[in-house]
2 protein chains.
Amino acid sequence: MTETETTDTSAGTCAGPPQGNRRPDGADTYTISEVAALTGLTAHTLRWYERIGLMPHIDRSHTGQRRYSNRDLDWLALVGKLRLTGMPVADMVRYAELVRSGDHTYTERFELLKQTREDVLSRIAELQDTLAVLDRKISFYADAGRAPASERAR
Amino acid sequence: MTETETTDTSAGTCAGPPQGNRRPDGADTYTISEVAALTGLTAHTLRWYERIGLMPHIDRSHTGQRRYSNRDLDWLALVGKLRLTGMPVADMVRYAELVRSGDHTYTERFELLKQTREDVLSRIAELQDTLAVLDRKISFYADAGRAPASERAR
DNA sequence: CGCTTGCTTGGAGTGCACTCCAGCGTTCTA
DNA sequence: TAGAACGCTGGAGTGCACTCCAAGCAAGCG
């Protein structure tokens, strides 16, 4: 085996705050596998993110190995959040491009964030709707128990 | 072109309640394209759902064409809800199998629903977390406007 | 009767987001 | 200074959820 790649037991149900043990700014260099451990992503995915333009340029050691910084970790934390809103990776790349192209893209980024905010809000609303449906079904099953199948449930 | 397949303009942002014009029970037979229009799914997807076992057995006309009922529409509405919780199709198939195999699967279905409810709850929590992050960023951009890039934002 | 429109099937294709591989170089630990 | 563990690359492969295709049957209409 050439590469171990986090035999992922961590990201079970909760995906709790992975920002545990960061190094202080100034002494913040992490190898790819450290970042993998900290973010829950695989090293594969980190390299892939870079290839598709989702990451800023990552520092390299004198031999060409990636050295991540706290800033990169912050960016990955944001990406992680956006990812679980269901935002397509292509849109995140778009945002990354805006950041890279400088300060004159502020308003565009602002609009993008506001739009995303709206999307998240409506997704939450959808989920609460679904929750209501589930609760109705659950209480039906709770009532019915194994009573005669007078009204068959699906 | 042999099949028109809903040139999807409907499912834009909101995906509002598609349960508009149902026929009264007893006179409830719908063709596949009617169901497509009512649910926002394509006819392709409806046939695919059937193939993979996500649908109960659908009635057929004397020539073999599918005739959906209100009950089928109800089922599709539930599937739609579950789908947008991010539940994998395979899990929904599992639930469909439980329904098909009869009343003795009540408790298992009950457990599955409760688990799903938990999943939805934690997804909502995640999204609210993300919302907080977005709000912080948005207010940063709102404050910063095009002020000097003292603290560069990502 | 021919034409259009709609529905049927099995199987192949698509897009997304990873995920892995082979073959090689580097870094750490004993 | 071995040897194991880790990291590098380009490109190929995977799994999911559709999405489409080709060829054919069936109903309604002028």
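Helices (H or I, at least four residues) and strands (E, at least two) are DSSP runs, numbered from the N terminus. The model is predicted, with local features needing pLDDT of at least 70, side-chain atom pairs counting only at pLDDT 80 or more, and totals for chains, interfaces and linings using all residues. Residues are numbered from 1 along each chain as its sequence is written, chains are lettered from A and ligands numbered from 1 in the order in which they are written, and side-chain values use heavy atoms, with hydrogens and water left out.

**Figure 1. Chain A as a whole, with 5 helices and 2 strands.**
Along the sequence, the elements of chain A come in the pattern α-α-β-β-α-α-α. Of the 154 residues in chain A, 36% are buried (under 20% relative accessible area, with exposed over 50% and partly exposed in between; 1.4 Å probe, protein chains only). Among the contacts in chain A with a separation of 6 or more, 49% are between residues 24 or more positions apart; contact means heavy atoms within 4.5 Å.

**Figure 2. The relation between chain A and chain B.**
Chain B is superposed on chain A by a rotation of 180 degrees with 0.0 Å of shift along its axis, at an RMSD of 0.1 Å. The two copies are therefore related as by a two-fold rotation axis. B:Ile124 is the residue of chain B that comes closest to the rotation axis, with its C-alpha at 3.0 Å. The copies meet through the same surface, because 98% of the interface residues of chain B are also interface residues in chain A.

**Figure 3. Helices H1 and H2 of chain A.**
Helix H1 of chain A covers residues 32-39 and helix H2 covers residues 43-51; their axes come within 8 Å and cross at roughly 105 degrees. H1(A) is therefore roughly perpendicular to H2(A). Axes are lines fitted to C-alpha atoms, for helices over the stretch in contact, and angles run from 0 to 180 degrees between N-to-C directions. Angles under 35 degrees count as roughly parallel, over 145 as roughly antiparallel, 65 to 115 as roughly perpendicular and the rest as oblique. From H1(A), A:Ile32, A:Val35 and A:Ala36 meet A:Ala43, A:Leu46 and A:Arg47 of H2(A). By class, the residues of this contact are 5 nonpolar, no polar and 1 charged (Ala, Val, Leu, Ile, Met, Phe, Trp, Tyr, Cys and Pro count as nonpolar, Asp, Glu, Lys and Arg as charged, and the others, Gly among them, as polar).

**Figure 4. Helices H4 and H5 of chain A.**
H4(A), residues 89-100, packs on H5(A) at an angle of about 155 degrees, with the axes 10 Å apart. That angle makes H4(A) roughly antiparallel to H5(A). The crossing of H4(A) and H5(A) is left-handed, meaning that the near helix is turned anticlockwise from the far one by less than a right angle (right-handed if clockwise). A:Arg94, A:Tyr95, A:Leu98 and A:Val99 of H4(A) meet A:Glu108, A:Arg109, A:Leu112 and A:Leu113 of H5(A). This contact holds 5 nonpolar, no polar and 3 charged residues.

**Figure 5. B:Leu113 in helix H5 of chain B.**
B:Leu113 is buried, at 3% relative accessible area. Beyond its neighbours within four places in sequence, B:Leu113 contacts A:Leu134, A:Lys137, A:Ile138, A:Tyr141 and B:Tyr95. B:Leu113 and B:Tyr95 are 18 residues apart in sequence, with a C-alpha to C-alpha distance of 9.0 Å.

**Figure 6. A:Thr130 in helix H5 of chain A, residues 106-144.**
A:Thr130 has a relative accessible area of 1% and is buried. With residues up to four places away in sequence not counted, A:Thr130 touches B:Lys81, B:Leu84 and B:Thr85.

**Figure 7. B:Met55 in the loop between helix H2 (43-51) and strand S1 (59-60) of chain B.**
B:Met55 is buried, with 4% relative accessible area. Residues up to four places away in sequence aside, B:Met55 touches B:Tyr49, B:Glu50, B:Tyr68, B:Asp72, B:Trp75, B:Leu76 and B:Arg100. B:Asp72 is 17 residues from B:Met55 along the chain, and their C-alpha atoms are separated by 7.9 Å.

**Figure 8. A:Arg71 in helix H3 of chain A, residues 70-83.**
A:Arg71 counts as partly exposed, at 38% relative accessibility. A:Arg71 and A:Pro56 are 15 residues apart in sequence and 9.8 Å apart in space, C-alpha to C-alpha.

Technical notes: Copies are superposed by least squares on the C-alpha atoms of residues with pLDDT of at least 70 in both.
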